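Here's a fold to pick apart, one question at a time. Have a look around first, then we'll get into it.

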Amino acid sequence: MVRLTSPRATRTGGAPSAADLRTRTRVHAAVAELGPVSAARVAEVLGLTGPAVRRHLDAMVAAGDLETREPSPARRRGRGRPAREFVVSSAGHDAMVSGYDEMAVAALAHLAEVGGPGAVAGFAERRFAALGERLAAAVDPAAPLPERVRDLAAALTAQGHSASARPVGRGTAAEGTQLCQGHCPVRRVAEAHPELCEAERRAFERVLGARVQRLATLAHGEHVCTSYVPHEAAGPPAAPRERPPGQSDQRTDQRTDQRTDQRTDQRTDQQTDQQDHLAAPAAGIRTPTEGRRP
């Protein structure tokens, strides 16, 4: 878990106590994993009181580690002013970064200069192939796809990605699972080298054994990395059962005979009606010679 120790985390309300700092770190991590998320939801997940969570959220908003936004229309419930939702700001992501971003960016720039763009892509593939192997150890390939995505999210969280999985499009043709990563340890590097994002997506496909579509990334300025994993289509239709040699389908023969009899009866009735019409004109209809004097 990332600990908030930067001046931004302590700028308002004086220096927090050690206990407050630990709680604030938990709240920050929950927003990174679940955001956009309301204060009530954070309190529910962490088992804290609403006022305590809002106090930490307000402090982190004032410090610039979090941002607030209005919920989307699909997430609004009831009347009145909707509750604010919180996400980690760009500055908040910087506070979470652990690593030597500037050195990594410079190293990859040198690699691209010496070996060409393909060298960076090759490095990204090897790097995320290794990550994929670690993630695959936590994912049961025989489990249903939604469960595999949830296991992948848990494994990513253990690797510092603050990930979560949510069902989307239930009961529609677009039904699937949305994988969200609220933090990316290599965001600054990926901003300069998007090959890392693509290599990560392909690693997810190998771990899940399913197609993964990337919708948004932190590296491109979004507040969360979002991937869509469509659920598998229904399996192939069952093969027809084989019949013993020489055995006919009696029901099919009966239906065929019935249809043949119906068509024959219809043709017979039509022919009879035509003959009756020619032999005796309908009542009230005069023939061309009727009513003429001889």
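Q: Leaving aside neighbours within four places in sequence, which residues is Ala 138 in contact with?
A: Keep in mind that this is a predicted model. Ala 138 sits in the loop between α6 and α7. Once its neighbours within four places in sequence are set aside, the contacts of Ala 138 are Asp 151 and Ala 155.

Q: How far apart in space are Ala 138 and Leu 152, C-alpha to C-alpha?
A: Ala 138 belongs to the loop between α6 and α7. Along the sequence, Ala 138 and Leu 152 are 14 residues apart. In space, their C-alpha atoms are separated by 7.1 Å.

Q: Is Ala 138 buried, exposed or partly exposed?
A: Buried would need under 20% relative accessible area, and exposed over 50%. Ala 138 has a relative accessible area of 40%, so the label is partly exposed.

Q: What share of the residues of the whole protein count as buried?
A: The secondary structure here comes to 10 helices and 7 strands, and the accessible surface is about 18,400 Å², with 52% of that belonging to carbon and sulfur atoms. Out of 294 residues, the share that count as buried is 33%.

Q: Among contacts between residues at least 6 apart in sequence, what percentage join residues at least 24 apart?
A: Contact here means heavy atoms within 4.5 Å. Take the pairs at least 6 apart in sequence, then keep those at least 24 apart: that gives 56%.

Q: What angle does α3 make with the direction of β2?
A: Start with the sheet: 3 strands form an open, antiparallel arrangement in the order β1-β3-β2. β1 and β2 each have a single partner strand, so one side of each is left without a neighbour in the sheet. α3 packs on this sheet and touches β2 and β3, and its direction relative to that of β2 is about 105°.

Q: In β3, which residue is the bridge partner of Val 37?
A: β1 and β3 pair in the antiparallel sense, over 2 bridges. Val 37 has its bridge partner in β3, and that partner is Phe 86.

Q: Which elements are included in what covers the buried residues of α3?
A: α3 runs over residues 50–63 and reaches 20 Å end to end, close to the 20 Å expected at 1.5 Å a residue. Its buried residues are Gly 50, Val 53, His 56, Leu 57, Ala 59, Met 60 and Ala 63. After α3 comes Gly 64, with a positive phi near 90°. The cover over the buried residues of α3 includes α1, α2, β2 and β3.

Q: How far apart are the end C-alpha atoms of α1?
A: Among the buried residues of α1 are Val 27, His 28, Val 31 and Leu 34. At 1.5 Å a residue, its 17 residues should span 24 Å, and the distance between the end C-alpha atoms agrees: 24 Å.

Q: Which peptide bond is cis, with omega near 0°?
A: Look at the loop between α1 and β1, where Pro 36 lies. The cis bond, with omega near 0°, runs from Gly 35 to Pro 36.

Q: What is the angle at which α6 and α9 pack?
A: α6 passes α9 in a right-handed crossing. Residues that meet there include Phe 128 and Ala 129 from α6, and Ala 203 and Phe 204 from α9. The axes of α6 and α9 are 8 Å apart, and the packing angle is about 35°.

Q: What is the relative accessible area of Ser 162?
A: Ser 162 lies in the loop between α7 and β4. Its phi is near 50°, a positive value in a residue other than glycine. Ser 162 is buried, with a relative accessible area of 11%.

Methods. Residues numbered from 1 in each chain as written. Predicted model: local features only at pLDDT ≥ 70, side-chain atom pairs only at ≥ 80, totals over all residues. Heavy atoms only, no water. Helix = DSSP H or I, 4+ residues; strand = E, 2+ residues; numbered from the N terminus. Buried < 20%, exposed > 50% of the residue type's maximum accessible area, 1.4 Å probe, protein only. Areas by Shrake-Rupley, 256 points an atom, 1.4 Å probe, with all protein chains shown as cover. Expected span 1.5 Å × (residues − 1). Axes fitted to C-alpha atoms, helices over the stretch in contact; angles between N-to-C directions. Left-handed = near helix turned anticlockwise from the far one by under 90°. Pairing = 2+ DSSP bridges.
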